[in-house]
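Visitor: I have a model open and want to learn how to read it. Where do we start?

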Amino acid sequence: MIRARITGTGSYMPENIRTNFDIEKMVDTTNDWIVARTGINERRIAAEGEYTSDMATRAAERALEMAGISASEIDLIVLGTITGDYPWPATACIVQNNLAANNAHAYDISAACSGFVYALGCASDFLQAGRGKKALVIGAETLSRIVDWTDRNTCVLFGDGAGAVVLETTEESDFGILSSHMHSDGSYLDLLYQPGFGTRMTPSAENIDNRSAYLKMQGNEVFKVAVRSLTDVSLEALEANGMSASDVSLFIPHQANKRILEATAKRIKLDDDQVYINVHKYGNTSGATIPVAMDEANRAGMLKSGDIVLLSAFGGGFTWGSTLIRW
Ligand code: ACO
């Protein structure tokens with residue numbers, strides 16, 4: 001049986017750090033409130049002239065370098081993002097050009113914070129179907145440009161960054177992506193979305209004045225569904241593979257809020273040392289959180305051959321999903 005296995009990871013975080021103390025000067029908030037309610041201390045902000053495609057390209061280059069392959073060997077590039085360089089064409093195509101990945105077809109996936117898990121599922125299915133041998137899967141976001149920096153309810157949460165993995169087919173059927181699980185429920189749209197500017201709400205002077213171009217969220221409502229969905233989809237992945245929480249070497253959840261991660265881990269019955277958390281350093285980078293965390297854990301030697309790694313994400317749509325991997 002053919003499976004897809006991760007052979008390289010990479011990430012790129014912008015240099016510019018925005019701390020909670022910096023945000024205290026922008027809106028009516030405090031470092032203490034942000035730390036207590038979210039676990040976030042600071043986040044990275046893309047430099048002027050730095051775009052989602054740039055960060056995605058850097059992360060992809062690092063993943064390719066680790067895998068020891070050239071961009072021309074890549075058959076597919078899938079990029080999870082809701083903050084692409086343009087509404088269209090796909091930012092994945094810009095990355096493909098930057099990398100000179102001339103044999104790859106490339107497309108974006110819009111699944112908000114679940115974007116990377118969705119992208120990983122699509123790329124894994126593509127390779128398992130025998131349609132190619134190597135894929136790049138990326139999560140990259142420049143959320144700082146769609147966050148309303150006058151809205152304390154949302155601006156404290158988000159940051160910028162990118163992570164990537166190289167997926168390659170393997171005949172060792174016990175290793176690699178064991179299963180992917182994806183779900184959506186469009187009835188929750190109003191709780192988390194960006195009203196403008198698509199074709200429903202165009203960039204008229206009125207829509208610009210009423211700040212429609214920025215992300216809107218009803219955080220406490222999102223929180224409840226997030227914990228429930230992350231728990232359910234994590235257990236779904238374990239059950240599908242006849243495993244339980246004690247089999248998990250490392251749980252790498254979408255880094256939205258430390259309280260969400262802790263509540264989810266508790267419900268799944270995972271110990272603290274089974275859960276990877278870096279939300280304090282980067283905030284919520286939406287589709288980028290999981291590949292960035294995976295790259296950090298991998299480079300720190302925390303992912304060893306044979307380890308069971310569980311990824312779970314939840315985001316706008318609503319969308320949610322999980323991936324179970326034998327590393
Ligand atoms: N500083 C100080 N006070 C604040 C701030 C702030 N930055 N933000 C909100 N408050 C106030 C509120 O106004 C409210 O005051 P009130 O009681 O006087 O009305 C109080 O704090 C409590 O507000 P809640 O919204 O109930 O606070 P909560 O504990 O729910 O925390 C948070 C808010 C951090 C947003 C949390 O709900 C959360 O993390 N939600 C989930 C976010 C998420 O996971 N999103 C999904 C992914 S994002 C994506 O897909 C792009």
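This is a predicted model: local features need pLDDT of at least 70, side-chain atom pairs count only at pLDDT 80 or more; totals for chains, interfaces and linings use all residues.

Visitor: How many residues of strand β12 are buried?

Guide: Burial is judged by relative accessible area, with under 20% as the cut-off. In β12 (residues 308-315), eight of eight residues are buried.

Visitor: Which residues sit on each side of β12?

Guide: Read the two faces separately. Ile 308, Leu 310, Ser 312 and Phe 314 lie on one side. Val 309, Leu 311, Ala 313 and Gly 315 lie on the other. Both faces are covered.

Visitor: In which sense does β12 pair with β11, and in which with β13?

Guide: Check direction, then bridges. β11 (residues 250-253) pairs with β12 in the parallel sense, over four bridges. There, Pro 253 has Ser 312 as its bridge partner. β13 (residues 319-326) pairs with β12 in the antiparallel sense, over eight bridges. Val 309 stands opposite Ile 325 of β13. Three residues separate the strands of this hairpin, and Gly 317 has a positive phi near 145°.

Visitor: Now the domains. What area is buried between domain 1 and domain 2?

Guide: Start with the bounds: domain 1 spans 3-173 and domain 2 spans 177-326. The buried area is about 3900 Å², with 59% from carbon and sulfur atoms. On the domain 1 side, Cys 113, Val 117 and Tyr 118 lose the most area, together 16% of what that side buries.

Visitor: How many salt bridges and polar contacts cross the interface?

Guide: Count each kind separately. The rule finds one salt bridge across the interface. Residue pairs in polar contact there number 26.

Methods:
Residues are numbered from 1 along each chain as its sequence is written. Side-chain values use heavy atoms; hydrogens and water are left out. Buried means under 20% relative accessible area, exposed over 50%, partly exposed in between (1.4 Å probe, protein chains only). Helices (H or I, at least four residues) and strands (E, at least two) are DSSP runs, numbered from the N terminus. Two strands pair if DSSP finds at least two bridges between them. Domain bounds come from an automatic or database domain assignment. Buried area is the accessible area (1.4 Å probe) that two parts lose on being put together, summed over both. A salt bridge is a side-chain nitrogen of Lys or Arg within 4 Å of a carboxyl oxygen of Asp or Glu. A polar contact is a pair of N or O atoms within 3.5 Å; within protein, one must be able to donate a hydrogen and the other to accept it, and residues adjacent in sequence count only if both atoms are side-chain atoms.
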